[in-house]
Amino acid sequence: MNNMNPTTLDLFTDAEPEQQPRRDRIGEQSCVLRGFALPWLDRLLPALETVLAAAPFRQMVTPGGFIMSVALSSCGTWGWTTDRSGYRYTRDDPQTGRPWPDMPEVFFQLAQAAAREAGFTDFVPDSCLINRYVPGAKMSLHQDKDEKSYAAPIVSVSLGLPAMFLFGGFTRSEKSQRVPLLHGDIVVWGGVDRLRYHGVLPIKDGQHACLGEQRINFTFRRAG
Ligand code: SIN
Ligand code: FE2
């Protein structure tokens, strides 16, 4: 009784992407907000330049003695650092000896809007870690657990080259989901998912129209 001819079916299929939810659920209290940061870029990128002028990207050493392939900076009250003696949040940038740059208002507003969209009201980030990946750079599976409390979510903004984000379980060995992330996507995880392992596979070669040969990630947290 199916009188749909192939043409009709094609039309139906073609219509689907329009109706795809812009929010992909990846866990009970975690999701990807597709393209959420795009309308903010005009304000976000100049603010990023200002932050980086005061606290340039640098590569840090892990307690195990490895140089991270990702270059880091921070803004906000607390910045995340690592060296041979461990991981920690600091009020001052160890490279300049000055306090980390203030978190630009547009950073704060975007983080809060994304958290709200993901179901976390009243997110007040006091730290934004800025990660720079060049092709080949990666981040191994880890948990974000240097924060004083795990009550607040993590809001993670992707810009520039695409990445394959790994979203795992509560042990390192649990199988991870592979979540492709594009320029403008925001991942939010919190609540029961707050301590899930996550990481990023090596970034593939490429040129991004807006950011060139790199991926920039902002990770907003409530650290103190
Ligand atoms: C992080 O876990 O700090 C970074 C995640 C990402 O780059 O997407
Ligand atoms: Fe992380």
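Predicted model: local features only at pLDDT ≥ 70, side-chain atom pairs only at ≥ 80, totals over all residues.
Aspartate 122 counts as exposed, because its relative accessibility is 68% and the cut-off for exposed is over 50%.

**The loop between α3 and β7**

- Aspartate 122 sits in the loop that runs between α3 (105-117) and β7 (127-133).
- The phi of aspartate 122 is near 60°, which is a positive value in a residue that is not glycine.
- For background, most residues other than glycine have a negative phi.
- Phenylalanine 120 belongs to the loop between α3 and β7 as well.
- Is phenylalanine 120 buried or exposed? Phenylalanine 120 is buried, because its relative accessible area is 11% and buried means under 20%.
- Leaving out residues up to four places away in sequence, phenylalanine 120 touches Gln29, Ala115, Pro153, Val188, Gly190 and Gly191.

**How α2 meets α3**

- Helix α2 (residues 41-54) packs with α3 at an angle of about 130°, and the two axes are 9 Å apart.
- The α2 and α3 crossing is left-handed.
- On the α2 side, the contact is made by Arg43, Leu44, Ala47 and Leu48, while α3 brings Val106, Phe107, Gln109 and Leu110.
- Sorted by type, the residues of this contact are six nonpolar, one polar and one charged.

**The nonpolar cores**

- The largest nonpolar core has 35 residues.
- Which residues have the most contacts inside this core? They are Phe107, Ile130, Val155, Ile186, Phe218 and Phe220.
- Two or more residues of this core come from each of β2 (30-33), α2, α3, β7, β9 (154-160), β12 (186-189) and β14 (215-221).
- Phe107 has a part in both topics: it is in the contact of α2 with α3 and among the residues with the most contacts inside the largest core.
- Beyond its neighbours within four places in sequence, isoleucine 130 is in contact with Leu48, Val51, Phe57, Ala71, Leu72, Ser73, Ser74, Cys75, Phe107, Ile216, Asn217 and Phe218.
- Another core lies apart from the largest one; this other core has 25 residues, among them Ile26, Phe165, Leu181 and Ile203.

Conventions. Residues numbered from 1 in each chain as written. Chains lettered and ligands numbered in written order. Heavy atoms only, no water. Helix = DSSP H or I, 4+ residues; strand = E, 2+ residues; numbered from the N terminus. Buried < 20%, exposed > 50% of the residue type's maximum accessible area, 1.4 Å probe, protein only. Axes fitted to C-alpha atoms, helices over the stretch in contact; angles between N-to-C directions. Left-handed = near helix turned anticlockwise from the far one by under 90°. Contact = heavy atoms within 4.5 Å. Nonpolar A, V, L, I, M, F, W, Y, C, P; charged D, E, K, R; others polar. Core = buried A, V, L, I, M, F, W, Y, C linked by side-chain atoms within 4.5 Å.
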